[in-house]
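Trainee: I would like to go through the terms used for this model and ask what stands behind each one. Can we take them one at a time?

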Amino acid sequence: MTYEVTLAADEVARYRRDGFLVPDCRLNTDVVGRMRDAVDELIRIYPDMPTEGLVSPHIRYAGTMRPDIHDRFLEFCRLPALLDVTEQLIGPDIILWGSRVFSKAARSGRATPWHQDGEYWPIRPLATVTAWIAIDPATTGNGCLRLVAGSHRKRRLMRHVSLTGQGAALDKEIAEGEFDEADVVTVPLEPGQMVLFDVYTAHGAAANRSGSRRAGFAIRYMPGTSLYDRAMTVGSGQDDVQTDLAQRALFLLRGQDRTGQNDFDIGHDGMVVAVG
């Protein structure tokens, strides 16, 4: 990467205020091109999976026939520029615990209902910054992200209701009346741009009715002061690349596990994982 990776003080302040930020920095065209190639190949490898949510492609898990493609996604998650920005928001102890490809196909990509990610995640205390990176142009026409400014401030999960059986990209949505529509911000992105957002920030996206695909790669980083609690019963019952949260592999990328309780062996299936 060839750009300045330090967030300005006013950018950090905006992230704290709004619960999200589109930083001035972006990934260069070479990195974006490699991400696009990896996403295209991942979709070919798993043709039966819904492309709106290919979960944790950075994990080389049991039974995979293409460990190289998963290793490529892990390389993206470990980019120093992304870790530098993340460190400014959650501190020097950084644990990679998840990632997800969101690819809404042209004219058929499903809507993502309003939700808070913490509704699905076994992390206590809830603390994660997500880096959602645009691989294709994300526009109002093809279903770019929409976020609710300030929805993170109370540090609580809003009431969610079930969408099971309704064909949505997720199986829960925030109940009506839980947030003010006036606070919704639409976030179009160019390839290489990213939006960083908090675990409590409400967000969603419209269906893709355009003639262009909208693909993005989301990376989930939590601070070493939080515990990934494998005994918690949360998550989604939908089909993904890897949905078993109890067996999810964790990667300590920087600093220390301050809880002393996070397990960095489960889920690696014999992988040798170096600490960055």
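Trainee: How much space lies in the second largest pocket?

Mentor: The model is a predicted one, and in it the second largest pocket holds about 170 Å³ of space. Its lining consists of 13 residues, and Gly150, Ser151, Lys154, Met158 and Glu178 are those nearest the centre.

Trainee: What makes up the lining of the second largest pocket in terms of nonpolar, polar and charged residues?

Mentor: The lining divides into 4 nonpolar, 3 polar and 6 charged residues. Gly counts as polar, while Lys and Glu count as charged.

Trainee: Which strand pairs with E3 over 10 bridges, and in what sense?

Mentor: That is E13, residues 214–223, in the antiparallel sense. Two bridges are enough for strands to count as paired, so 10 bridges between E3 and E13 qualify. One of the bridge pairs joins Arg100 to Ala218 in E13.

Trainee: Which residues have the most contacts inside the largest nonpolar core?

Mentor: They are Phe73, Phe217 and Tyr221, in a core of 41 residues. Helix H2, residues 29–45, gives the most to this core, with 6 residues. Beyond its neighbours within four places in sequence, Phe73 touches Ala38, Val39, Leu42, Pro57, His58, Val101 and Phe217.

Trainee: Is Ser56 called buried or exposed, and why?

Mentor: Its relative accessible area is 0%, and buried means under 20%, so Ser56 is buried. Ser56 sits in the loop between E2 and helix H3, and its phi is near 50 degrees, a positive value in a residue other than glycine.

Trainee: Is Arg107 called buried or exposed, and why?

Mentor: The relative accessible area of Arg107 is 59%, and exposed means over 50%, so Arg107 is exposed. Arg107 lies in the loop between E3 and strand E4 and has a positive phi of about 70 degrees, although it is not a glycine.

Conventions
Residues are numbered from 1 along each chain as its sequence is written. This is a predicted model: local features need pLDDT of at least 70, side-chain atom pairs count only at pLDDT 80 or more; totals for chains, interfaces and linings use all residues. Side-chain values use heavy atoms; hydrogens and water are left out. On a 1 Å grid over the protein atoms alone, a cavity is a set of points where a 1.4 Å probe fits but cannot get out, and a pocket is an open set with protein on both sides within 12 Å along at least five of seven lines; lining residues have an atom within 4 Å of a point. Grid points are joined across faces, edges and corners, and a volume is the space filled by probe spheres set on the points. Helices (H or I, at least four residues) and strands (E, at least two) are DSSP runs, numbered from the N terminus. A nonpolar core is a set of buried Ala, Val, Leu, Ile, Met, Phe, Trp, Tyr and Cys residues joined through side-chain atoms within 4.5 Å. Buried means under 20% relative accessible area, exposed over 50%, partly exposed in between (1.4 Å probe, protein chains only). Contact means heavy atoms within 4.5 Å.
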